[in-house]
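Here is a short report for a reader meeting this structure for the first time.

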Amino acid sequence: MTEVRMIYVPLGGAGEIGMNMYVYGFGPRDREQIVLVDSGVMFPDMETTPGVDLIMPDFSWVLERQDRVEALFLTHAHEDHVGAVPYVLEELDIPVFARPFTAELVRRKLEESGLNPGRVRSVKPTPEVVEAGPFSVQFIPVTHSVPESSSLLLEAQDVRVIHTGDVKLDQDPVIGPPFEPGLWSELARPGVNALVCDSTNVFVSRNGRPEGSVGPEVARLFAGTEGVIAATTFASNLARLKQLAEAAVTSGRSVVLLGRAMVRMVEIGRLTGVLDSFPGAISPEDARRLPRNRLLLLTTGSQGEQRSATSQLSQGKFRGLELVAGDTLLLSSKTIPGNERSVARVVNRFSARGIRVIDDGEELYHVSGHANRPDLSELYRLVDPGCIVPMHGEHRHLVEHARFAAECGFLSFTVPNGTVFNVSELRIEEEQASNGRLYLDGTELVEAESGITRTRLKMARMGLACVSIAVDRNPRVPRSIKVRLFGLPSDPELEDETEIARLVTADMRRINGRSVSDDDLRARVRKLVQKLVRERTGKSPEVGVMVHRL
């Protein structure tokens, strides 16, 4: 008899914080019907991925089964959960289900990509049920740092899973209803095979503060601050934006939204009804006519993004506005691991200009949107699952989460990217799903293993030499040699091409009369040039050789 099973397969987000993509399948082994949960991205950096625009999971394993993929479900509107949706939908003809705020954001993404926004369907939270192949799916309202975040209850026959997404047990979230423990107990009562659970804050042992605790602290700060205040946070954190804006109005300041994402998120929040009573913002043009101590600038760029409003303000003016000595920048956010250098670079530019910078060191002006250990243990108690499967975290987070769950008395499994977990039998299968990373490089998706970033990094470290050779068909003696060097230490003999041309000519004379292909010739020249430049400069550059037959 053919085994029927439910499987869980993370393709991204279980080994890093970002680019979340999870697969659930149900049916006969190797013929399971599939639903996807989230489709997110990570952002590149110049140190490891120069020139890359976005990083996302390699979903070729899903494409190999595309005739069995039923739908994509989105837990919330953060880029690490929805940023790759347009690229997935270019390959898969499937519907997308999300709550209204997330749905509206993703529709706009699809329109910008030239795709049909009608593929995104707005759904209501539980008790509404979405049917997708063998799956029945409910959206469970949870609190997080973006409106209308949801966990998912996935059911297929008698197998039930709760996928938490990003979750926090917040009783004062400012926007939306508080976390409802009674609802969770009720939904879990028939039994839950696995709780696939957020691991972001598993190393934090203290109780988390509610979002609503930020507002009074910000109000006190604004009341005692002179000059322009700029505050940066995640544009999607509308609860934070609302508290910052309300504190500004209380202290007699007008609000200016700076950055495309900031304007767009507030607009979508108002359109979908999740953001009410938000103070009216004024334009940058109107702001320039007001006294400086009557302005609050809400700016994008809390993670040091190079082209963001905050970064541009750190270097001078943005939209005609600037910060000067005596003004204040408030970082009302947490720096995502990996972004420390980018943030420090921006902060130091402000500091050098005499601008006061207040970060989240004392955690007065920022709270996390993820569950700390006390929240996690409460989730375990409410759901009482057959097992706990950590997700959304680096590998060390997954291991620590599994250890913590075991300490709390629950069966747990560490299931990193590419692992196939049998939910029906609560075991890790021997089979593996192909996984990795895709780079959006300009308009093309390329595999991380393609070597494109390695070449760029080598050029950045070692420079570039370009050699153009014009040769007769027979004999193969160069008519001319042109050399161009980029990013290399200055050397007069190398720069006037004489030495390189002499060596290449001598080598070609040695092989004259022998049959040497253009590929072999390019390889010989590349080796000669690298050796010469290394001897003269200590650098082994990337060498490009062009052969022209006359």
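Of the 550 residues in the protein chain, 55% are buried (under 20% relative accessible area with a 1.4 Å probe, protein chains only). The model is predicted: local features need pLDDT of at least 70, side-chain atom pairs count only at pLDDT 80 or more, and totals for chains, interfaces and linings use all residues. Residues are numbered from 1 along each chain as its sequence is written, and side-chain values use heavy atoms, leaving out hydrogens and water.

The protein chain has 17 helices and 28 strands. Contacts are heavy atoms within 4.5 Å. Among contacts with a separation of 6 or more, 72% join residues 24 or more positions apart.

| Property of the protein chain | Value |
|---|---|
| Accessible surface (Shrake-Rupley method, 1.4 Å probe) | about 23,300 Å² |
| Carbon and sulfur share of that surface | 48% |

Now take helix α8, residues 260–272. Its 13 residues should span 18 Å at 1.5 Å a residue, and its end C-alpha atoms are 18 Å apart, which agrees. The expected span is 1.5 Å times one less than the number of residues.

Which residues of α8 are buried? They are Met262, Arg264, Met265, Val266, Ile268 and Gly269. Their cover includes α4 (100–112), α7 (238–250), β15 (254–258) and β17 (295–299). Gly273 follows α8, with a positive phi near 85 degrees.

How values were computed
Helices (H or I, at least four residues) and strands (E, at least two) are DSSP runs, numbered from the N terminus. Buried means under 20% relative accessible area, exposed over 50%, partly exposed in between (1.4 Å probe, protein chains only).
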